[in-house]
Amino acid sequence: MDLSQLTGHIWLDGEMVPWQEAKVHVLTHTFHYGLGVFEGVRAYNTSQGAAIFRLQEHTDRLFRSAHILRMEMPFDKGTLSEAQRQVVRANGLDEAYIRPMCFLGSEGMGLRADNLKTHVMVAAWAWPSYMDPEAMNRGIRVATSSYTRHHVNITMCKAKANGNYINSILALREALDAGFEEALLLDNEGYVAEGSGENVFLVRNGVLYTPELTSCLEGITRDSIIRIAEDQGLTVKEKRITRDEVYVADEAFFTGTAAEVVPIREVDNRTIGTGVRGPITETLQRIYLESVRGAQADYADWLAPVA
């Protein structure tokens with residue numbers, strides 16, 4: 001998909017701009033140095049029309065990321081939440097992937113990054129599935145990456161920052177080149193951190209485990225799955241996890257806004273559990289996918305109607 005050739009509108013610095021006219025200068029600071037923040041958000045088709053999943057939480061995280069990187073936000077949260085609704089409406093989408101991004105402009109160059117204006121864009125387009133749709137059922141093959149996840153004092157891990165994802169791209173390309181479908185990254189001490197763009201969970205003896213939030217992002221889908229699991233009576237433990245603990249897990253899966261809930265059937269050529277999606281993964285996946293489309297009344301507050 002060549003995104004530059006789509007039609008519709010993009011919200012840019014407070015205005016709806018025709019899709020192919022939403023441009024920035026080649027000397028845009030973020031383009032050169034990577035200091036920017038973004039979100040990945042989804043709108044789903046529900047019985048009440050299009051609704052954005054956990055819109056407020058995504059907007060809150062965008063502002064936290066900007067604060068961490070000392071980017072002055074030119075708009076308030078209400079304006080940016082409404083902008084995300086507007087782009088879905090303006091592009092006539094029942095379901096959408098939404099990308100808000102804040103970036104530093106072309107007002108100057110250099111590492112001082114001073115006297116720069118923060119610009120904001122929000123785009124939305126149809127992106128049905130990040131993973132192969134069949135992966136939602138059969139699970140995926142994963143390789144432990146040779147690339148280490150960020151150290152907490154090298155980059156700011158709680159900011160969803162543009163430049164942080166160079167690490168993710170390298171790790172994912174390495175995994176794909178080796179015939180796998182996703183990468184599992186370890187932190188600088190050798191403990192499991194997350195996937196290239198997902199949080200990770202494993203199940204052992206009926207207990208759900210996930211890594212502590214040190215060098216990994218505070219995932220909104222991760223938070224949703226923890227709440228669903230606890231509502232189902234499952235024990236959820238956040239702890240340091242070694243890669244061999246993953247090998248001997250009964251089940252494992254990734255979570256993320258783009259990936260949703262994806263079972264892991266194999267890690268480093270070792271079968272996880274029975275090699276198919278496990279019962280706990282299946283239950284959590286089902287409830288999550290029902291929730292995002294408004295079919296779970298207990299989680300109705302997670303949906304923000306677009307209309």
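**Figure 1. Buried residues of helix α8 in the predicted model.** In this predicted model, the buried residues of α8 are Ile280, Thr281, Leu284, Gln285, Ile287, Tyr288, Ser291 and Val292. The helix comprises residues 279–292, 14 residues in total, and reaches 20 Å from its first C-alpha to its last. That span is close to the 20 Å expected at 1.5 Å a residue. After α8 comes Gly294, with a positive phi near 80 degrees. Thr281, buried in α8, also takes part in the lining of the largest cavity, which is the subject of the next view.

Figure 2. How many cavities of 30 Å³ or more are counted? The count is 1 cavity. The largest cavity has a volume of about 40 Å³. Its lining consists of Asp250, Glu251, Ala252, Pro263, Ile264, Ile272, Val276, Arg277, Gly278 and Thr281. Two or more of the lining residues come from each of the strands β14 (251–256) and β15 (260–267). Sorted by class, the lining holds 5 nonpolar, 2 polar and 3 charged residues.

**Figure 3. The second largest pocket.** This pocket has a volume of about 220 Å³. Its lining is formed by 13 residues. Nearest the centre of the pocket lie Leu69, Arg70, Met71, Leu104 and Ala113. By class, 7 of the lining residues are nonpolar, 2 are polar and 4 are charged.

Figure 4. Helix α5 is made up of residues 165–177. Its 13 residues reach 18 Å from the first C-alpha to the last, close to the 18 Å expected at 1.5 Å a residue. Asn167, Ser168, Ala171, Leu172 and Ala175 are the buried residues of α5. These residues cover an arc of only 120 degrees around the axis, and therefore lie on the same side of α5. An α-helix has 3.6 residues a turn, so residues three or four places apart point the same way. On the other side of α5, the exposed residues are Ile166, Arg173 and Asp177. The cover over the buried residues of α5 includes strand β9 (182–186). Just after the helix, Gly179 adopts a positive phi of about 95 degrees.

**Figure 5. The buried face of helix α3.** Residues 77–90 form α3, a helix of 14 residues. From its first C-alpha to its last, α3 reaches 20 Å, close to the 20 Å expected at 1.5 Å a residue. Which residues of α3 are buried? They are Leu80, Ser81, Ala83, Gln84, Val87 and Val88. Viewed down the axis of α3, the buried residues fall within an arc of 150 degrees, so they line one face of the helix.

Figure 6. Arg54 is not a glycine, yet its phi is positive, at about 50 degrees. This residue is in the loop that lies between β5 (49–53) and α2 (55–68). Is Arg54 buried or exposed? Arg54 counts as buried because its relative accessibility is 8%, under the 20% cut-off. Asn115, likewise not a glycine, has a positive phi of about 55 degrees. The loop between β6 (96–104) and β7 (118–125) contains Asn115. Asn115 counts as exposed, with a relative accessibility of 68%, over the 50% cut-off.

Figure 7. Asn199 belongs to β11, which runs over residues 199–204. The residue is at 6% relative accessibility and so counts as buried. Beyond its neighbours within four places in sequence, Asn199 is in contact with Glu194, Cys216, Leu217, Gly219, Arg222, Phe253, Phe254 and Thr255. The C-alpha atoms of Asn199 and Pro211 are 8.3 Å apart in space, and the two residues are 12 residues apart in sequence.

**Figure 8. The exposed loop residue Asn153.** Asn153 is located in the loop between β8 (140–144) and α5. Its relative accessible area is 63%, and Asn153 is therefore exposed. Asn153 and Tyr247 stand 94 residues apart along the chain. Their C-alpha atoms are separated by 29 Å.

Terms used
Residues numbered from 1 in each chain as written. Predicted model: local features only at pLDDT ≥ 70, side-chain atom pairs only at ≥ 80, totals over all residues. Heavy atoms only, no water. 1 Å grid on protein atoms, 1.4 Å probe; cavity = no way out; pocket = protein on both sides within 12 Å on 5 of 7 lines; lining within 4 Å. Points joined across faces, edges and corners; volume = space filled by probe spheres on them. Helix = DSSP H or I, 4+ residues; strand = E, 2+ residues; numbered from the N terminus. Nonpolar A, V, L, I, M, F, W, Y, C, P; charged D, E, K, R; others polar. Expected span 1.5 Å × (residues − 1). Buried < 20%, exposed > 50% of the residue type's maximum accessible area, 1.4 Å probe, protein only. Arc of directions from axis to C-beta. Contact = heavy atoms within 4.5 Å.
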